[in-house]
Amino acid sequence: AQRQNIGSPPSQYVPVAAADLSLRTGGEELPAEMLGGNNIARYMQDIIAISQQSKAAGDALWGRIGGTEWELMTAQYMAEKFRLFGLADVRIDRMPRNPQWWPTAWEVTLLADESYGSGSRDIPLLTAFPGVPSPSTPESGIDAELIYVGAGTPADLLGRDVTGKIAVYHAIFESGAYSYTGRGLADQLIKAGALAAIAVHDIEANIQFFNRFVGSEAGPGFTISGDDGVFLEQIIVHTAETKPLRARIKLISGPRDGLITQNTYGMIPGQSDETVILTAHTDAYFDGAYDNASGLATLLALAEYYSRPGAPTPQRNLLFVGSGGHHAGRPGTPYTNTGLQSVGTAYMVENYPQLMD
(Lines give C-alpha, C1' and ligand atoms only; values in the text may rest on other atoms or scores of the structure.)
Protein backbone atom coordinates (compact mmCIF):
# COMPACT_ATOMS: atom_id res chain seq x y z
CA ALA A 1 0.00 0.00 0.00
CA GLN A 2 1.24 3.46 -0.77
CA ARG A 3 0.21 6.44 1.25
CA GLN A 4 0.05 10.19 1.39
CA ASN A 5 0.10 12.06 4.69
CA ILE A 6 -2.87 14.40 5.14
CA GLY A 7 -2.25 15.23 8.79
CA SER A 8 0.51 15.76 11.32
CA PRO A 9 3.03 12.95 11.82
CA PRO A 10 2.92 10.99 15.06
CA SER A 11 4.65 12.73 17.97
CA GLN A 12 7.24 9.94 18.25
CA TYR A 13 8.43 10.48 14.65
CA VAL A 14 12.18 11.16 14.56
CA PRO A 15 13.59 12.25 11.17
CA VAL A 16 16.77 10.54 9.97
CA ALA A 17 19.53 12.83 8.78
CA ALA A 18 20.24 12.36 5.09
CA ALA A 19 23.96 12.24 5.84
CA ASP A 20 23.38 9.01 7.79
CA LEU A 21 21.87 7.26 4.76
CA SER A 22 25.11 6.22 3.12
CA LEU A 23 26.03 3.36 0.79
CA ARG A 24 29.35 2.78 2.56
CA THR A 25 30.02 -0.86 3.36
CA GLY A 26 33.00 -2.27 5.22
CA GLY A 27 36.17 -0.23 5.44
CA GLU A 28 36.32 1.01 1.85
CA GLU A 29 36.57 4.77 1.59
CA LEU A 30 34.04 5.87 -1.05
CA PRO A 31 33.52 9.37 -2.47
CA ALA A 32 31.06 10.88 0.02
CA GLU A 33 29.80 13.41 -2.51
CA MET A 34 28.54 10.59 -4.75
CA LEU A 35 27.45 7.77 -2.45
CA GLY A 36 26.73 9.81 0.64
CA GLY A 37 23.22 10.22 1.98
CA ASN A 38 23.00 13.92 1.07
CA ASN A 39 23.57 13.23 -2.62
CA ILE A 40 21.06 10.36 -2.65
CA ALA A 41 18.53 12.55 -0.84
CA ARG A 42 18.91 15.31 -3.47
CA TYR A 43 18.07 12.89 -6.27
CA MET A 44 15.17 11.56 -4.21
CA GLN A 45 13.74 15.05 -3.68
CA ASP A 46 14.00 15.78 -7.42
CA ILE A 47 11.93 12.69 -8.14
CA ILE A 48 9.36 13.44 -5.43
CA ALA A 49 8.99 16.94 -6.91
CA ILE A 50 7.70 15.36 -10.11
CA SER A 51 4.88 13.72 -8.13
CA GLN A 52 4.11 17.05 -6.54
CA GLN A 53 3.57 18.50 -10.02
CA SER A 54 0.91 15.84 -10.58
CA LYS A 55 -0.76 16.82 -7.32
CA ALA A 56 -0.60 20.52 -8.20
CA ALA A 57 -2.21 19.74 -11.56
CA GLY A 58 -5.29 18.56 -9.67
CA ASP A 59 -5.01 14.80 -10.17
CA ALA A 60 -7.27 13.10 -7.61
CA LEU A 61 -5.08 10.02 -7.90
CA TRP A 62 -1.68 11.66 -8.16
CA GLY A 63 1.94 10.65 -8.48
CA ARG A 64 4.34 9.20 -11.03
CA ILE A 65 1.69 6.73 -12.14
CA GLY A 66 2.64 4.30 -14.88
CA GLY A 67 1.71 5.60 -18.31
CA THR A 68 1.19 9.23 -17.29
CA GLU A 69 3.20 12.29 -18.26
CA TRP A 70 4.67 12.32 -14.76
CA GLU A 71 6.19 8.88 -15.13
CA LEU A 72 7.57 9.89 -18.54
CA MET A 73 9.06 12.99 -16.91
CA THR A 74 10.76 10.72 -14.38
CA ALA A 75 12.19 8.57 -17.18
CA GLN A 76 13.49 11.67 -18.95
CA TYR A 77 15.07 12.88 -15.71
CA MET A 78 16.87 9.54 -15.39
CA ALA A 79 18.08 9.68 -19.00
CA GLU A 80 19.35 13.25 -18.52
CA LYS A 81 21.38 12.15 -15.49
CA PHE A 82 22.75 9.09 -17.31
CA ARG A 83 23.96 11.32 -20.15
CA LEU A 84 25.45 13.81 -17.69
CA PHE A 85 27.41 10.98 -16.04
CA GLY A 86 28.67 9.84 -19.44
CA LEU A 87 26.90 6.49 -19.65
CA ALA A 88 26.82 4.79 -23.06
CA ASP A 89 23.78 3.92 -25.19
CA VAL A 90 21.34 6.01 -23.15
CA ARG A 91 17.83 5.57 -24.54
CA ILE A 92 14.16 5.25 -23.69
CA ASP A 93 11.98 2.38 -24.95
CA ARG A 94 8.22 3.03 -24.88
CA MET A 95 5.57 0.32 -24.65
CA PRO A 96 1.81 0.07 -23.93
CA ARG A 97 0.43 -0.94 -20.56
CA ASN A 98 -2.99 -2.15 -19.46
CA PRO A 99 -5.76 0.29 -18.40
CA GLN A 100 -5.22 2.10 -15.10
CA TRP A 101 -8.10 2.11 -12.63
CA TRP A 102 -8.66 5.80 -12.01
CA PRO A 103 -10.88 7.44 -9.35
CA THR A 104 -11.70 11.09 -10.06
CA ALA A 105 -14.04 12.02 -7.19
CA TRP A 106 -15.38 10.40 -4.02
CA GLU A 107 -16.79 10.99 -0.55
CA VAL A 108 -17.51 8.99 2.58
CA THR A 109 -19.78 10.97 4.90
CA LEU A 110 -21.38 9.94 8.19
CA LEU A 111 -24.96 11.24 8.25
CA ALA A 112 -26.52 13.32 10.99
CA ASP A 113 -29.84 12.40 12.58
CA GLU A 114 -32.04 14.35 14.99
CA SER A 115 -32.19 11.32 17.29
CA TYR A 116 -28.51 11.92 18.12
CA GLY A 117 -29.37 15.24 19.75
CA SER A 118 -28.99 18.92 18.94
CA GLY A 119 -25.91 19.87 16.98
CA SER A 120 -25.78 16.60 15.07
CA ARG A 121 -24.12 17.21 11.70
CA ASP A 122 -22.77 15.29 8.75
CA ILE A 123 -19.12 14.27 9.19
CA PRO A 124 -16.92 13.67 6.11
CA LEU A 125 -14.09 11.17 6.63
CA LEU A 126 -11.14 13.00 5.09
CA THR A 127 -8.75 10.04 5.08
CA ALA A 128 -11.14 7.98 2.95
CA PHE A 129 -9.58 6.63 -0.25
CA PRO A 130 -11.14 4.14 -2.69
CA GLY A 131 -9.53 0.79 -3.36
CA VAL A 132 -8.83 -0.63 -6.81
CA PRO A 133 -10.91 -1.78 -8.74
CA SER A 134 -13.97 -0.25 -7.06
CA PRO A 135 -16.65 0.78 -9.60
CA SER A 136 -18.57 4.03 -9.63
CA THR A 137 -21.63 4.38 -7.45
CA PRO A 138 -24.93 5.75 -8.80
CA GLU A 139 -24.79 9.52 -9.21
CA SER A 140 -26.83 9.97 -6.03
CA GLY A 141 -24.41 7.72 -4.17
CA ILE A 142 -25.07 4.93 -1.67
CA ASP A 143 -26.98 5.90 1.48
CA ALA A 144 -27.13 2.98 3.89
CA GLU A 145 -26.79 1.77 7.46
CA LEU A 146 -23.35 0.79 8.71
CA ILE A 147 -22.70 -2.65 10.16
CA TYR A 148 -19.50 -3.40 12.07
CA VAL A 149 -17.97 -6.84 11.42
CA GLY A 150 -14.78 -6.65 13.47
CA ALA A 151 -11.83 -8.27 11.72
CA GLY A 152 -14.18 -9.97 9.27
CA THR A 153 -13.27 -13.49 10.39
CA PRO A 154 -15.89 -16.26 10.18
CA ALA A 155 -16.42 -15.87 13.94
CA ASP A 156 -16.95 -12.10 13.55
CA LEU A 157 -19.54 -12.67 10.84
CA LEU A 158 -21.64 -15.16 12.78
CA GLY A 159 -25.20 -13.84 13.06
CA ARG A 160 -24.41 -10.67 11.12
CA ASP A 161 -26.41 -9.92 7.99
CA VAL A 162 -24.56 -7.41 5.82
CA THR A 163 -27.21 -7.36 3.10
CA GLY A 164 -28.05 -3.84 1.96
CA LYS A 165 -25.60 -2.27 4.42
CA ILE A 166 -22.15 -0.71 4.39
CA ALA A 167 -19.78 -3.14 6.12
CA VAL A 168 -17.02 -1.72 8.33
CA TYR A 169 -14.07 -3.91 9.31
CA HIS A 170 -10.80 -3.44 11.21
CA ALA A 171 -7.59 -4.25 9.32
CA ILE A 172 -3.98 -4.50 10.47
CA PHE A 173 -0.66 -4.30 8.63
CA GLU A 174 1.40 -7.09 10.14
CA SER A 175 5.07 -7.82 9.48
CA GLY A 176 5.74 -8.77 5.88
CA ALA A 177 4.93 -7.03 2.62
CA TYR A 178 1.68 -8.94 2.03
CA SER A 179 0.62 -9.73 5.62
CA TYR A 180 -2.44 -7.48 5.60
CA THR A 181 -5.42 -8.83 7.52
CA GLY A 182 -7.98 -7.05 5.34
CA ARG A 183 -6.84 -8.65 2.10
CA GLY A 184 -9.89 -9.53 0.00
CA LEU A 185 -12.40 -8.79 2.77
CA ALA A 186 -14.18 -6.00 0.88
CA ASP A 187 -14.79 -8.32 -2.06
CA GLN A 188 -16.03 -11.06 0.27
CA LEU A 189 -18.41 -8.75 2.14
CA ILE A 190 -19.83 -7.09 -0.95
CA LYS A 191 -20.42 -10.45 -2.64
CA ALA A 192 -22.23 -11.49 0.56
CA GLY A 193 -24.69 -8.62 0.05
CA ALA A 194 -23.04 -5.48 1.42
CA LEU A 195 -23.46 -2.38 -0.74
CA ALA A 196 -19.95 -1.16 0.07
CA ALA A 197 -17.13 -1.78 2.54
CA ILE A 198 -14.86 0.42 4.65
CA ALA A 199 -11.54 -0.77 6.07
CA VAL A 200 -10.43 0.93 9.30
CA HIS A 201 -6.64 0.77 9.35
CA ASP A 202 -5.08 0.15 12.74
CA ILE A 203 -2.52 2.95 12.51
CA GLU A 204 -2.23 6.32 14.23
CA ALA A 205 -1.41 8.55 11.28
CA ASN A 206 -4.07 10.44 9.33
CA ILE A 207 -3.07 9.17 5.90
CA GLN A 208 -4.63 7.93 2.68
CA PHE A 209 -3.71 4.59 1.08
CA PHE A 210 -3.66 3.28 -2.43
CA ASN A 211 -4.45 -0.28 -1.37
CA ARG A 212 -5.18 -2.93 -3.99
CA PHE A 213 -6.43 -5.35 -1.32
CA VAL A 214 -9.55 -3.40 -0.29
CA GLY A 215 -11.45 -3.00 -3.54
CA SER A 216 -13.96 -5.14 -5.40
CA GLU A 217 -15.37 -5.22 -8.90
CA ALA A 218 -18.76 -5.84 -7.25
CA GLY A 219 -18.90 -2.57 -5.30
CA PRO A 220 -16.90 0.26 -3.75
CA GLY A 221 -14.33 -0.41 -1.05
CA PHE A 222 -12.61 2.33 0.94
CA THR A 223 -9.84 2.72 3.50
CA ILE A 224 -9.71 5.17 6.40
CA SER A 225 -7.12 5.61 9.13
CA GLY A 226 -5.97 7.59 12.15
CA ASP A 227 -8.51 9.85 13.84
CA ASP A 228 -11.21 8.93 11.32
CA GLY A 229 -10.90 5.24 12.19
CA VAL A 230 -11.00 5.79 15.95
CA PHE A 231 -13.99 8.15 15.63
CA LEU A 232 -15.93 5.83 13.33
CA GLU A 233 -15.60 2.82 15.62
CA GLN A 234 -16.57 4.89 18.65
CA ILE A 235 -19.55 6.59 17.03
CA ILE A 236 -20.93 3.25 15.77
CA VAL A 237 -21.13 2.18 19.42
CA HIS A 238 -22.68 5.43 20.67
CA THR A 239 -25.34 5.68 17.96
CA ALA A 240 -26.36 2.04 18.38
CA GLU A 241 -28.19 3.04 21.56
CA THR A 242 -30.50 5.36 19.64
CA LYS A 243 -30.45 4.74 15.87
CA PRO A 244 -27.89 2.82 13.77
CA LEU A 245 -25.43 5.11 12.04
CA ARG A 246 -25.81 5.70 8.30
CA ALA A 247 -23.30 6.91 5.74
CA ARG A 248 -23.33 8.26 2.21
CA ILE A 249 -20.71 6.98 -0.21
CA LYS A 250 -20.05 8.40 -3.65
CA LEU A 251 -17.40 7.36 -6.15
CA ILE A 252 -16.62 8.18 -9.75
CA SER A 253 -14.02 5.82 -11.20
CA GLY A 254 -13.18 3.85 -14.29
CA PRO A 255 -10.39 2.68 -16.57
CA ARG A 256 -7.93 5.09 -18.11
CA ASP A 257 -6.99 3.57 -21.45
CA GLY A 258 -4.26 4.04 -24.03
CA LEU A 259 -1.43 4.54 -21.55
CA ILE A 260 2.19 4.23 -22.66
CA THR A 261 4.97 3.49 -20.21
CA GLN A 262 8.72 3.25 -20.82
CA ASN A 263 12.11 1.91 -19.75
CA THR A 264 15.21 4.10 -19.45
CA TYR A 265 18.63 2.54 -20.08
CA GLY A 266 22.25 3.54 -19.63
CA MET A 267 25.37 1.34 -19.87
CA ILE A 268 28.87 1.40 -18.40
CA PRO A 269 30.88 -0.99 -20.62
CA GLY A 270 32.91 -3.59 -18.77
CA GLN A 271 35.78 -5.97 -19.53
CA SER A 272 33.60 -8.94 -20.54
CA ASP A 273 30.38 -9.72 -22.40
CA GLU A 274 28.58 -10.45 -19.13
CA THR A 275 26.12 -7.87 -17.84
CA VAL A 276 24.98 -6.91 -14.38
CA ILE A 277 21.54 -5.26 -14.45
CA LEU A 278 20.74 -2.68 -11.78
CA THR A 279 17.11 -1.60 -11.83
CA ALA A 280 14.52 0.45 -9.99
CA HIS A 281 10.98 1.32 -11.09
CA THR A 282 9.95 4.81 -12.14
CA ASP A 283 6.23 4.68 -11.28
CA ALA A 284 4.67 5.51 -7.91
CA TYR A 285 1.43 6.53 -6.26
CA PHE A 286 1.52 9.82 -4.34
CA ASP A 287 5.04 11.04 -3.40
CA GLY A 288 6.35 7.49 -3.63
CA ALA A 289 9.36 8.42 -1.49
CA TYR A 290 10.37 4.91 -0.51
CA ASP A 291 8.46 3.21 -3.34
CA ASN A 292 10.44 4.01 -5.29
CA ALA A 293 12.15 7.42 -5.34
CA SER A 294 14.69 6.02 -2.89
CA GLY A 295 15.48 3.16 -5.27
CA LEU A 296 15.83 5.46 -8.26
CA ALA A 297 18.03 7.83 -6.25
CA THR A 298 20.28 4.97 -5.19
CA LEU A 299 20.45 3.79 -8.81
CA LEU A 300 21.59 7.26 -9.89
CA ALA A 301 24.20 7.43 -7.13
CA LEU A 302 25.62 4.07 -8.22
CA ALA A 303 25.66 5.14 -11.88
CA GLU A 304 27.46 8.36 -10.95
CA TYR A 305 30.01 6.51 -8.82
CA TYR A 306 30.90 3.78 -11.32
CA SER A 307 31.16 6.30 -14.19
CA ARG A 308 33.21 8.90 -12.28
CA PRO A 309 36.38 10.23 -13.98
CA GLY A 310 39.27 7.88 -13.35
CA ALA A 311 37.07 5.01 -12.19
CA PRO A 312 38.43 1.56 -13.13
CA THR A 313 36.63 -0.28 -15.91
CA PRO A 314 34.23 -2.71 -14.23
CA GLN A 315 34.77 -6.43 -14.75
CA ARG A 316 31.28 -6.76 -16.30
CA ASN A 317 28.98 -4.40 -18.19
CA LEU A 318 26.78 -2.42 -15.81
CA LEU A 319 23.32 -1.78 -17.26
CA PHE A 320 21.25 0.74 -15.31
CA VAL A 321 17.49 0.50 -15.92
CA GLY A 322 14.63 2.70 -14.78
CA SER A 323 11.76 0.29 -15.47
CA GLY A 324 8.22 1.49 -16.15
CA GLY A 325 4.80 0.23 -15.19
CA HIS A 326 5.93 -1.72 -12.12
CA HIS A 327 2.49 -1.36 -10.52
CA ALA A 328 0.67 -2.25 -13.74
CA GLY A 329 -0.40 -5.41 -15.49
CA ARG A 330 0.78 -6.12 -19.01
CA PRO A 331 -1.31 -5.20 -22.08
CA GLY A 332 -4.38 -7.38 -22.39
CA THR A 333 -4.76 -7.91 -18.65
CA PRO A 334 -7.54 -6.21 -16.66
CA TYR A 335 -6.61 -3.42 -14.30
CA THR A 336 -7.68 -5.67 -11.43
CA ASN A 337 -4.25 -7.28 -11.91
CA THR A 338 -2.53 -4.07 -10.79
CA GLY A 339 0.79 -4.90 -9.21
CA LEU A 340 0.94 -8.53 -10.34
CA GLN A 341 3.13 -7.98 -13.40
CA SER A 342 5.72 -5.36 -14.24
CA VAL A 343 5.38 -4.07 -17.78
CA GLY A 344 8.91 -2.70 -18.06
CA THR A 345 10.83 -5.72 -16.82
CA ALA A 346 8.70 -8.12 -18.87
CA TYR A 347 9.38 -5.99 -21.97
CA MET A 348 13.12 -6.09 -21.33
CA VAL A 349 13.17 -9.88 -20.91
CA GLU A 350 11.13 -10.42 -24.09
CA ASN A 351 12.94 -7.89 -26.31
CA TYR A 352 16.56 -8.24 -25.13
CA PRO A 353 17.07 -12.01 -24.83
CA GLN A 354 20.84 -11.58 -25.17
CA LEU A 355 20.89 -9.93 -21.76
CA MET A 356 19.26 -12.98 -20.23
CA ASP A 357 21.65 -15.53 -21.76
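Q: Which side chains meet Glu145 and Lys165 in a salt bridge, and how is such a pair to be read?
A: A salt bridge is a side-chain nitrogen of Lys or Arg within 4 Å of a carboxyl oxygen of Asp or Glu. Here the side chains of Glu145 and Lys165 meet each other, at 3.8 Å from N to O. Glu145 belongs to strand β6 (residues 142-148) and Lys165 to the loop between α4 (154-157) and β7 (166-171), so the pair ties together parts 20 residues apart in sequence. Helices (H or I, at least four residues) and strands (E, at least two) are DSSP runs, numbered from the N terminus. This is a predicted model, in which local features need pLDDT of at least 70 and side-chain atom pairs count only at pLDDT 80 or more, while totals for chains, interfaces and linings use all residues. Residues are numbered from 1 along each chain as its sequence is written, and side-chain values use heavy atoms, with hydrogens and water left out.

Q: Is Asp113 buried or exposed?
A: Buried means under 20% relative accessible area, exposed over 50%, and partly exposed in between (1.4 Å probe, protein chains only). Asp113 has a relative accessible area of 18% and is therefore buried. Its salt-bridge partner is Lys243, at 2.9 Å from N to O. Lys243, at 36%, is partly exposed.

Q: How many salt bridges are there by this rule?
A: The count comes to seven. Another of them joins Glu274 and Arg316, whose closest N and O atoms are 2.9 Å apart.

Q: Which residues have the most contacts inside the largest nonpolar core?
A: A nonpolar core is a set of buried Ala, Val, Leu, Ile, Met, Phe, Trp, Tyr and Cys residues joined through side-chain atoms within 4.5 Å. The largest core has 29 residues, and those with the most contacts inside it are Tyr77, Met78, Phe82, Leu87, Leu299, Leu300 and Phe320. Helix α7 gives the most to this core, with nine residues.

Q: What does Leu299 touch?
A: Contact means heavy atoms within 4.5 Å. Not counting residues up to four places away in sequence, Leu299 touches Met78, Phe82, Leu278, Thr279, Ala280, Phe320, Val321 and Gly322.
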